[in-house]
Amino acid sequence: MRFVAPGLLAFTVLIAAHVVIWRARRPAGEYAALAVLGAGVLAVMLTTFRITAVSLGSASGWLPRSPIEYVTAIGLYAALFLSYVTTYSAVQADSPTMTILLLIERAGAAGCTRAELGARLDDRVLVVPRLDDLVAGNLVRLERGRYVVTSRGTLMIAPHVRFRRWLKMEKGG
Amino acid sequence: MTVALGLVPFAALLACIVAHVLVSRVLPELPRHYGLALGALAGLVTLAALALLPIGQAVAPEDRVGLGVAWTLTYLSLVYWYVFGFFNLGESARRIRLLVELRTAGDRGLTRAEILAAYNARMIVDARLGRLLAGGQVVERDGRYFIGKTLMLCGAKALVLLKLVFLGAPSEFAGRPPG
């Protein structure tokens, strides 16, 4: 219990705080804000665990006490946070695969054709918003009608390009 | 020793990634999800080995089950991040692909028309339909597409639910025209 519960509890608090804050006011730099929130919740929860464990003494039950319990709780929280951010990115932007499935399901027994899918999923829906995201995130700059990758964008793409090369896989997308 | 114990699930993730890279290089014809599954399995074996070896014996016997559960949960979360948050970004993320195209163009950059000639909605839909048909999530009859296996559709519906919770709308385009 003392190895698992603290990390799970801190993660639950993170989700609750995320929902409440984002519904009240969605920040402009969402991922940076989420990282700050993640670190903040962890710091608050670790302090709370420490204070509560000291005040409750031997009755502290599932609260972490030894260094290994704290390290394990932080590791679990960090891993859950990474998987949570991954899931949230699919929430933030519509996934083409999921949209295709929902459109086909909506067509029901009549099904739908490739042309019908294409009419709903054009460049304005699938490409332009993501291009705008890159400009808004300073990963790409727009100069006299031309999109140019910034040093930040190059830095971000480098591990993916190198990793695809290691895997001997072609460019994705 | 405390820090070393905390790093066990991360060491298992490293083993998973190394195994995935090796399998992808040695068996390029293998379907990609099999390569990922083999990598995840290699990581799990590493986790079990580290838990059974002296590193796992360093903790008190009554703590071993709890620590094992925490390590397994941590490892599974890390694998989820690796598959969907890292590997899949290079595999299918539109932003990454756009950055790759723009990086190739260098300082000159590309106009919107040039970008759309290299990477466009038709290519995106074709690639995804191909994957959905290959995986059986979608089936084709007389040139029309129908839902096949429903697991991924359930995932899509769960995402719509999460969009409603976080964004208050079922889609990023709800209430405003795309583009």
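Two residues are in contact if their C-beta atoms, placed from the backbone, lie within 7 Å. By that rule, the contact between the two chains takes 73 residues from chain A and 72 residues from chain B. On the side of chain B that touches chain A, helix H5 (residues 64-92) of chain B gives the largest share, 16 residues. Helices here are DSSP runs of H or I with at least four residues, strands are runs of E with at least two, and both are numbered from the N terminus. By class, that side of chain B has 42 nonpolar, 17 polar and 13 charged residues. Nonpolar covers Ala, Val, Leu, Ile, Met, Phe, Trp, Tyr, Cys and Pro; charged covers Asp, Glu, Lys and Arg; the others, Gly among them, are polar.

This is a predicted model, in which local features need pLDDT of at least 70 and side-chain atom pairs count only at pLDDT 80 or more, while totals for chains, interfaces and linings use all residues. Residues are numbered from 1 along each chain as its sequence is written, and chains are lettered from A and ligands numbered from 1 in the order in which they are written.

Start with the helices of chain A. The axes of helix H1 (residues 5-24) and helix H3 (residues 67-92) of chain A come within 8 Å and cross at roughly 40 degrees. Axes are lines fitted to C-alpha atoms, for helices over the stretch in contact, and angles run from 0 to 180 degrees between N-to-C directions. The crossing of H1(A) and H3(A) is right-handed, meaning that the near helix is turned clockwise from the far one by less than a right angle. H1(A) brings A:Pro6, A:Gly7, A:Ala10, A:Phe11 and A:Leu14 to the contact, and H3(A) brings A:Ala73, A:Leu76, A:Tyr77, A:Leu80 and A:Phe81. Nine of these residues are nonpolar, one is polar and none is charged.

Now look inside. A nonpolar core is a set of buried Ala, Val, Leu, Ile, Met, Phe, Trp, Tyr and Cys residues joined through C-beta atoms within 7 Å. Buried means 20 or more other C-beta atoms within 10 Å of a residue's own, exposed means 12 or fewer, and partly exposed lies in between. The largest core has 45 residues, and A:Leu76, A:Tyr77 and B:Cys16 are among those with the most contacts inside it. H1, helix H2 (30-56) and H3 of chain A each supply at least two residues, as do helix H2 (8-26), helix H3 (32-52) and H5 of chain B. The largest share, 11 residues, comes from H5(B). A:Tyr77 touches A:Gly7, A:Ala10, A:Phe11 and A:Leu42, not counting residues up to four places away in sequence. A second, separate core has 30 residues, including A:Leu102 and B:Val138.

A:Phe49 is found in helix H2 of chain A. Why does A:Phe49 count as buried? It has 23 C-beta neighbours inside 10 Å. Leaving aside neighbours within four places in sequence, A:Phe49 is in contact with A:Pro6, A:Leu63 and A:Pro64.

Turn to the strands. Three of them form an open sheet in the order S1(A)-S2(A)-S1(B), with antiparallel pairing. Strand S1 (140-143) of chain A and S1 of chain B stand at the edges, each with a single partner strand, so one side of each is left without a neighbour in the sheet. Helix H6 (residues 94-105) of chain B packs on the sheet, and its direction makes about 95 degrees with that of S2(A).

Strands count as paired if DSSP finds at least two bridges between them. Four bridges join S1(A) to S2(A), and A:Val140 has A:Val149 as its bridge partner. Two residues lie between the strands of this hairpin, where A:Arg144 takes a positive phi near 45 degrees. Two bridges join strand S2 (residues 146-149) of chain A to strand S1 (residues 110-111) of chain B. There, A:Arg146 has B:Thr111 as its bridge partner. A:Tyr147 and A:Val149 lie on the covered face of S2(A), whereas A:Arg146 and A:Val148 lie on the uncovered one.
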